[in-house]
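This report describes one structure.

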Amino acid sequence: MELLLELFISFAAVGLVCVGGGYASMPLIQAEVIDKHGWLTLNEFIDIFTISQMTPGPIGINAATFVGSKVAGIPGSIAATTGFVFPSVIIVLSLGYLYYKYGNVGPIRGILNGLRPAVVALIASAGVNFILLAFWNKEKLPVDIGKTDMVAVLIFVLTWIALKKKVGTIKLLASSGVLGLILYMAVGMRP
Amino acid sequence: MSDLRDAEKKLEKAVFKEEFSYWKLFISTFMISAFTVGGGFVIIPLLKSKFVDEYGWMNENESLDLVSIAQSAPGLVAANASIIMGYRMGGFRGTAVALLATILPPLVTLTIISYCYDAFASNPYVRMFLKGMQCGVTAILVNVVLDLVLKQWKKKLVLPLLIMAGTFAASYFFKINIMYIILVDAVIGLFLMKESKYD
């Protein structure tokens, strides 16, 4: 029960401060779930994030459900998901009220303008973590350049090129998965 | 003047092409959430085309305003959109129905997937596949970050760039609790960034 409450509160905190959709929620979820509570490893977290991209539905809800379910089964997934949307219900309905009453949403605009660049920075810091784990299998700096996983770098570059050619996300991720399977088998390495 | 026009637009009545029912609200939101890959920015246009163009439960301009509220409010864009559109179309009960329909499909799908994940993730071949996907998703994320940073950079405003650099340093190098960082950024925004150039 205590765990469910913690899940609910953690995700409510994320839902409260996450501005700008699914990607923005990732660093916040990471801070709560990995850094603060240690419910998941960075590896599991990135898997979740990847899978969330490929399954239907909003990415943030997908991630919350997955984390909740891994931590505390089905009740956990319900606690995490409802926690995530709980602050939104209150805030969005209040904004709707302001909108219908006054036609604008007042001081919250300044707050959101301050948060938008902050969110970019937070996603960037999650991006650094992703790179460290993908290329060096490490969660923190410093890294040994000599031990770079060249297969990972190759897949990264190929995905990047495909991305620039506007290949869809699912196709992109599925093919990078297949590529991983083939290349790691070919070089006989266990990631 | 423009305020007046906005007010007029809002008074435009929605012309119902189909009778409103909570069941229809539920099932159409549910289907959209269940089969749309790609998150909020893909889901919103679908909700709009369903409720505005097909059912006529809201008029065009109002729906755009509601979407911009959903996008600017904290939380998930898709959930926010269903909360506020649900409210507009069916009051608090509409909110409850639309929100439930939005979160139910991913709740079921992802719970199932998470059980499979536990069973398969330790298999070495599955690991190779997942590792490949990790590299792919890293490329996608880095691309998103570069786009966002470039967008901020092009605005050529000092304050957002300072916030960006400060927030990155505070979170990555100094490991300050994200909630505190966000609180500080929100206060800066509240007092210094109300002008429309920061939008």
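## Nonpolar cores

In this predicted model, the largest nonpolar core comprises 91 residues. Phe11(A), Leu28(A), Ile29(A) and Phe51(B) are the members with the most contacts inside this core. Helix α4 of chain A, residues 59–102, supplies the largest share of the core, namely 16 residues. Another core, of 15 residues, lies apart from the largest one; its members include Leu132(A), Val151(A), Ala152(A) and Met128(B).

Which residues does Phe51(B) contact once its neighbours within four places in sequence are left aside? They are Leu25(B), Ser28(B), Thr29(B), Gly56(B), Trp57(B), Met58(B) and Met89(B).

## Domains of chain B

Chain B splits into domain 1, covering 2–118, and domain 2, covering 132–198. Between the C-alpha centres of these two domains of chain B the distance is 28 Å.

## Interface of chains A and B

The contact between the chains involves 103 residues of chain A and 84 residues of chain B. About 8,300 Å² is buried between chain A and chain B, and 76% of this area is on carbon and sulfur atoms.

Two salt bridges are counted between chain A and chain B. A salt bridge pairs Asp47(A) with Arg127(B), and their closest N and O atoms are 3.2 Å apart. Polar contacts across the interface of chain A and chain B amount to 18 residue pairs, with both residues at pLDDT 80 or more. On the side of chain A that touches chain B, two or more residues each come from α1 (2–17), α2 (22–36), α3 (42–54), α4, α5, α6 and α7 (169–187) of chain A. The largest share of that side, 25 residues, belongs to α5(A).

## Asn143 of chain B

Asn143(B) sits in helix α6 of chain B. Is Asn143(B) buried or exposed? Asn143(B) counts as buried because its relative accessibility is 13%, and the limit for buried is under 20%.

With neighbours within four places in sequence left aside, the contacts of Asn143(B) are Trp160(A), Leu163(A) and Lys164(A). The side chains of Asn143(B) and Lys164(A) are joined by a polar contact of 3.0 Å.

## Backbone details in two loops

The loop between α5 (108–136) and α6 (150–164) of chain A contains Pro142(A). Leu141(A) and Pro142(A) are joined by a cis peptide bond, with omega about 0°. Asn137(A) also has its place in the loop between α5 and α6 of chain A. Although Asn137(A) is not a glycine, its phi is positive, at about 55°.

In chain B, Lys156(B) is located in the loop between α6 (124–154) and α7 (158–173). Lys156(B) is not a glycine, yet it has a positive phi of about 55°. Is Lys156(B) buried or exposed? Lys156(B) is exposed, since its relative accessible area is 63%, and exposed means over 50%.

How values were computed: Residues numbered from 1 in each chain as written. Chains lettered and ligands numbered in written order. Predicted model: local features only at pLDDT ≥ 70, side-chain atom pairs only at ≥ 80, totals over all residues. Heavy atoms only, no water. Domains from an automatic or database assignment. Core = buried A, V, L, I, M, F, W, Y, C linked by side-chain atoms within 4.5 Å. Buried < 20%, exposed > 50% of the residue type's maximum accessible area, 1.4 Å probe, protein only. Helix = DSSP H or I, 4+ residues; strand = E, 2+ residues; numbered from the N terminus. Contact = heavy atoms within 4.5 Å. Buried area = accessible area lost by both parts, 1.4 Å probe. Salt bridge = Lys/Arg side-chain N within 4 Å of Asp/Glu carboxyl O. Polar contact = N/O pair within 3.5 Å; in protein donor to acceptor, adjacent residues only side chain to side chain.
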